[in-house]
Amino acid sequence: MVRVGVIGYGYWGPNLVRNFSEAPGCEVAAVSDLSQDRLSTLKARYPAVRTTTDYQTLLADPATDLVIIATPVSTHFKLAMEALQAGKHVLVEKPMTTTSEESRKLIAEAEKRKKQLFVDHTFVYTGAVRKMAELVSSGDLGEIYYFDSTRVNLGLFQHDVNVIWDLAVHDLSILQNIISEEPVAVSATAISHVKNQPENIAYITLFFRSSLIAHFHVNWLAPVKVRKMLIGGSKKMIVYDDIELSEKVKIYDKGVALATDPEKIQQLKIGYRSGDMWAPQIALTEALQVEAKHLVDCIERGARPLTGGQAGLRVVRCLEAATASARERGRLVELS
């Protein structure tokens, strides 16, 4: 039985507590939060869970195996480091840390303590993203040409991070789960329309050694909520719409075929292919439930996690590069 302690019961904390309470082989033993009102709400629903406003008492409990950190980004490194040093496995809410250097230190500490370090890239565990990763890895789409994502809505404005660190983190984690190739450079532009507040609109482009290109549009100031991705391959293409209730993933047998005949090449002939569209069946299990089961399995068997520290580091490196690029109006930032 994996005993869990949760630090932070704000926006995402209730979802974490619910799913880890229901996961087989797992028990939420304690929750820490600075708000006594939130803890009272928790206690009414989970009377057996111990509550405290002092997270140190949670870390000091030798019976706690896994500590989940669902607090503001600026506190992630400090709390995760203390939890690792207390001998706990750790799950950190996204993004993992505010800098790649902090991420590297957490990875090193976890390896030193022989503890698992997880990052809560929740979308990776959705049935839709898992299906897309399966399709790409199978080669059904052929060579991947582009990855295009739009994630916009009206709010929620954050005060501690900009829209890149709030929304693009989702799309970057999805990209790295689907595409095995690592980006080599980043360019981004961003702007704030609210005085003294973080940037609320951003456009990010990732470049790769191959002809693959990835583009992300994230926005807190849109009149509608859009969560859509396009993945273009040489054989087939995918449209992923997370707002759709049923057919979230659609596969199109569409594309172009370049002429191989020497005469037609001279004439720059391009053939267009327009075949069928179908929507595969995808698992509807809540992503956090899948994630909770996976983490318990990793802890019990010592298996490598799908969203471990290295995955978190790769995302933070891209977020850092995008932020640096945006400050200089789109300057290309190389990823070493």
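Is Lys131 buried or exposed? Lys131 is buried, at a relative accessible area of 17%; buried means under 20% relative accessible area, exposed over 50%, and partly exposed in between, with a 1.4 Å probe and protein chains only.

The model is predicted, so local features need pLDDT of at least 70 and side-chain atom pairs count only at pLDDT 80 or more, while totals for chains, interfaces and linings use all residues. Residues are numbered from 1 along each chain as its sequence is written, and side-chain values use heavy atoms, with hydrogens and water left out.

The whole structure holds 14 salt bridges (a side-chain nitrogen of Lys or Arg within 4 Å of a carboxyl oxygen of Asp or Glu). Three of them are tabulated, including their N to O distances.

| Salt bridge | N to O distance |
|---|---|
| Lys131 and Glu134 | 3.4 Å |
| Asp242 and Lys248 | 3.8 Å |
| Glu328 and Arg331 | 2.9 Å |

Lys131 and Glu134 sit 3 residues apart, about one turn, in helix α6 (residues 127-138); helices are DSSP runs of H or I with at least four residues, numbered from the N terminus. Glu134 is partly exposed at 46%.

In the second pair, Lys248 is buried at 18% relative accessible area, and Asp242 is partly exposed at 23%. In the third, Glu328 is partly exposed at 45%, and Arg331 is partly exposed at 39%.

Note on methods
Helices (H or I, at least four residues) and strands (E, at least two) are DSSP runs, numbered from the N terminus.
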